[in-house]
Amino acid sequence: MLQTEGARLFRKAWIAGVHQHFPGEPKAGYVTPWEETPQWEREAAGSVFDQVRQFIEISGGHTSRLSREQKGRFIAMCWTAQMFKHFADPKPGYVADWSDLPSWQQEADADIFEAVEKAFG
């Protein structure tokens, strides 16, 4: 799978997770379609997708044994690194620690990891 396809898969999984887990109506930016997603966010999604893909590969596919929390934490950590890459002074919410993320976001992050696993399973 090419990085662009992976980035699209990441974005699609994020949007699905937001729709499933966000309480109420999500902000428009949370569910912006791929075509309207800013370039930096497309690049970040592709990079995190690649990190997850590589993690799955080097673990010999045994990431399926991780808990949902561990999967979500991995996505959150990789995303935080991308925020520091793309922004000199990112908003605190962009780089919040796992324990400070709202539960809907933790669940959406775990969903993303599992979507990448499914694509390679």
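Start by selecting the buried residues of helix H4: Trp-104, Gln-105, Gln-106, Ala-108, Asp-109, Ala-110, Asp-111, Ile-112, Phe-113, Val-116 and Glu-117. Buried means under 20% relative accessible area, exposed over 50%, and partly exposed in between, with a 1.4 Å probe and protein chains only. Helices are DSSP runs of H or I of at least four residues, numbered from the N terminus.

A note on the model: it is predicted, local features need pLDDT of at least 70, side-chain atom pairs count only at pLDDT 80 or more, and totals for chains, interfaces and linings use all residues. Residues are numbered from 1 along each chain as its sequence is written, and side-chain values use heavy atoms, with hydrogens and water left out.

**Stop 1: the whole of H4**

Select residues 103–120, which form H4. At 1.5 Å a residue, these 18 residues should span 26 Å, and the end C-alpha atoms are 26 Å apart, which agrees. The expected span is 1.5 Å times one less than the number of residues.

**Stop 2: Asp-109**

Zoom in on Asp-109 in H4. Is Asp-109 buried or exposed? Asp-109 is buried, with a relative accessible area of 6%. Show its contacts, leaving aside neighbours within four places in sequence: Trp-14, Gly-72, Ile-75, Ala-76, Trp-98 and Leu-101. Contact means heavy atoms within 4.5 Å. Next, draw a C-alpha to C-alpha distance from Asp-109 to Val-18: the two are 9.4 Å apart in space and 91 residues apart in sequence.

**Stop 3**

Select H1, with its 19 residues. From first C-alpha to last, H1 reaches 26 Å, close to the 27 Å expected at 1.5 Å a residue. Its buried residues include Phe-10, Ala-13, Trp-14 and Val-18. H2, H3 and H4 are among what covers the buried residues of H1.

Turn to the crossing. The axes of H1 and H4 come within 8 Å and cross at roughly 140°. Axes are lines fitted to C-alpha atoms, for helices over the stretch in contact, and angles run from 0 to 180 degrees between N-to-C directions. H1 and H4 are therefore oblique to each other. Angles under 35 degrees count as roughly parallel, over 145 as roughly antiparallel, 65 to 115 as roughly perpendicular and the rest as oblique.

On the H1 side, Leu-9, Phe-10 and Ala-13 are among the residues that make it; on the H4 side, they include Trp-104, Ala-108 and Ile-112. The contact residues divide into 11 nonpolar, four polar and three charged. Ala, Val, Leu, Ile, Met, Phe, Trp, Tyr, Cys and Pro count as nonpolar, Asp, Glu, Lys and Arg as charged, and the others, Gly among them, as polar.

**Stop 4: H2 against H4**

Which angle do you find here, where the axes of H2 and H4 cross? They cross at roughly 55° and come within 10 Å. That makes H2 oblique to H4. Select Phe-49, Val-52, Arg-53, Phe-55 and Ile-56 of H2, then Phe-113, Val-116, Glu-117 and Phe-120 of H4, to see the contact. Its residues divide into seven nonpolar, no polar and two charged.

**Stop 5: H3 and Gln-82**

Finish on H3. Its buried residues include Gly-72, Ile-75, Ala-76 and Gln-82. H1, H2 and H4 are among what covers the buried residues of H3. Center on Gln-82, which is buried at a relative accessible area of 9%. Beyond neighbours within four places in sequence, Gln-82 is in contact with Glu-43, Ala-44, Ser-47 and Val-48.

Definitions and conventions:
Helix = DSSP H or I, 4+ residues; strand = E, 2+ residues; numbered from the N terminus.
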